[in-house]
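Biologist: I have this model open on my screen and would like a close look at a single part of it, the place where the ligand sits. Could you walk me through that spot and then show me how the rest of the fold is arranged around it?

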Amino acid sequence: MEDWSHCLDVAVQIALRAGQVVQSAVKQEKQVSSKSTPTDLVTETDHQVEELIISTLREKYPTHRFIGEESSAAGVKCELTDDPTWIIDPIDGTCNFVHSFPMVAVSIGFAVRKEKISAPQLELGVIYHCFDGTLYTARKGHGAFCNGVRLQVSKEKDVSKALILTEIGAKRDPATLDIFLGNMKKLLSAPTHGVRIIGSSTLALCHIASGAAEAYYQYGLHCWDIAAAAVIIREAGGHVMDTTGGPLDLMSRRVVAAGTREIADCVVKQLQPINYGRDDTDPDDLA
Ligand code: IPD
Ligand code: CA
Ligand code: CA
Ligand code: CA
């Protein structure tokens with residue numbers, strides 16, 4: 001079995017450099033535009049950071065492949081193959097970044113071997129919280145860490161004592177909002193301790209890894225929102241799965257993560273699905 005520890009070291013160095021770029025850009029005036037919907041924001045820093053991460057990694061690993069949020073938006077095919085593939089979210093929480101709301105992260109995941117697409121093929125994850133400098137890292141089989149301290153998920157099994165996190169994506173049509181609010185209502189009245197939205201999928205998932213919250217669910221996120229975080233949660237002893245309770249499909253745009261299987265099952269039972277399509281659907285197929 002190949003030892004990918006060198007990739008983790010490289011990813012950490014790049015995430016820290018990328019984080020510095022984000023940190024200095026926060027104080028500058030930003031050029032903001034929108035992509036798929038008026039609330040799907042992007043700035044020049046998203047592009048700059050993605051370019052920095054991919055070009056640095058490509059120089060180190062010329063045979064590897066890359067999936068990045070902004071390259072995908074520009075038409076590069078979002079595809080997992082049998083080749084080692086880096087999955088990058090240059091700025092997770094762009095809307096937060098635009099407002100200087102302090103929940104913004106750089107996320108770098110790494111996957112190998114498409115045929116083992118659920119747990120085993122995600123090899124490592126690095127997430128850097130650009131505002132407070134927290135660094136989350138994990139490598140499959142070697143544990144998850146926050147600034148070098150080992151992470152452990154919450155062991156709570158009772159959903160009535162659970163804090164639940166979720167995110168709303170960029171789709172805000174009335175039908176989608178109704179399902180989104182219905183799901184939140186069911187989880188609030190389950191009852192649980194509460195439901196939170198922080199505006200960054202990757203940092204919310206890191207809070208599951210650290211045990212600060214018991215469960216996370218979302219429809220509408222992307223493979224670059226989950227790839228790194230899934231390794232971090234699993235290595236912290238947690239569960240990451242499809243919203244049906246089945247194995248995670250990185251491209252399916254939906255996820256449930258939890259510290260314990262019991263809490264995950266309770267969340268799964270409450271959810272009404274929202275269909276967002278898939279990350280790996282060729283846009284030409286939809287024409
Ligand atoms: C988004 C954020 C947001 C979540 C969206 C993501 P971005 O990522 O994580 O909280 O609701 O689904 O796409 O666009 O800021 O990288
Ligand atoms: Ca985005
Ligand atoms: Ca994101
Ligand atoms: Ca992003």
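**Around the ligand**

Modeller: Happy to. Domain 1 (5-150) and domain 2 (159-270) both contribute residues to the shell around ligand 1, so the ligand lies between them. Please keep in mind that this is a predicted model. Its mean pLDDT is 94, and 95% of the residues reach 70 or more. The model scores are ipTM 0.98 and pTM 0.96.

Let us start with the shell itself. Ligand 1 is surrounded by 16 residues, and the closest are Thr94, Glu167, Gly169, Ser201 and Leu221. The element that gives the most to the shell is strand β4 (residues 85-92), with three residues.

One of the annotated positions, Ile91, lies in strand β4. Ile91 is buried, because 31 other C-beta atoms lie within 10 Å, where 20 or more are enough to count.

Strand β4 also leads us into the sheet. Seven strands form an open sheet in the order β3-β4-β5-β6-β7-β8-β9, and the pairing is mixed. At its edges are β3 (65-68) and β9 (149-150), each of which pairs on one side only.

Eight of its eight residues are buried, so β6 is largely enclosed by the rest of the structure. On one side, strand β5 (residues 105-111) and β6 pair in the antiparallel sense over seven bridges. You can trace this pairing residue by residue: Gly109 has Gly125 of β6 as its bridge partner, and Ala111 has Leu122 of β6. Strand β6 also pairs with strand β7 (residues 135-139), again in the antiparallel sense, over five bridges. Here Tyr128 stands opposite Leu135 in β7. Strands β6 and β7 make a hairpin with five residues between them, and Gly133 in the turn has a positive phi of about 75°.

Now back to the ligand, by way of a helix. The buried set includes Ser201, Leu203, Cys206, His207 and Ile208. Just after α6, Gly211 takes a positive phi of about 85°.

A few backbone details deserve a look while you have the structure open. The peptide bond from Ala190 to Pro191 is cis, with omega near 0°. You will find Pro191 in the loop between α5 (174-188) and β11 (194-196).

Asn147 has a phi of about 50° and sits in the loop between β8 (144-146) and β9. Asn147 counts as exposed, because 10 C-beta neighbours lie inside 10 Å and the cut-off is 12 or fewer. Arg253 has a positive phi of about 65° and is found in the loop between β13 (239-241) and β14 (254-258). With 23 C-beta neighbours inside 10 Å, Arg253 counts as buried.

Asp82 lies in the loop between α3 (69-73) and β4, and Asp82 is exposed, with 12 other C-beta atoms within 10 Å. From C-alpha to C-alpha, Asp82 and Ser200 are 29 Å apart in space, and they are 118 residues apart in sequence.

To return to your spot: ligand 1 lies between the two domains, which both give residues to its shell, and β4 gives the most to that shell.

Conventions:
Residues are numbered from 1 along each chain as its sequence is written. Chains are lettered from A and ligands numbered from 1 in the order in which they are written. This is a predicted model: local features need pLDDT of at least 70, side-chain atom pairs count only at pLDDT 80 or more; totals for chains, interfaces and linings use all residues. pLDDT is the predictor's confidence in each residue, from 0 to 100. Helices (H or I, at least four residues) and strands (E, at least two) are DSSP runs, numbered from the N terminus. Two strands pair if DSSP finds at least two bridges between them. A residue is near a molecule or strand if its C-beta atom, placed from the backbone, lies within 6 Å of it. Domain bounds come from an automatic or database domain assignment.
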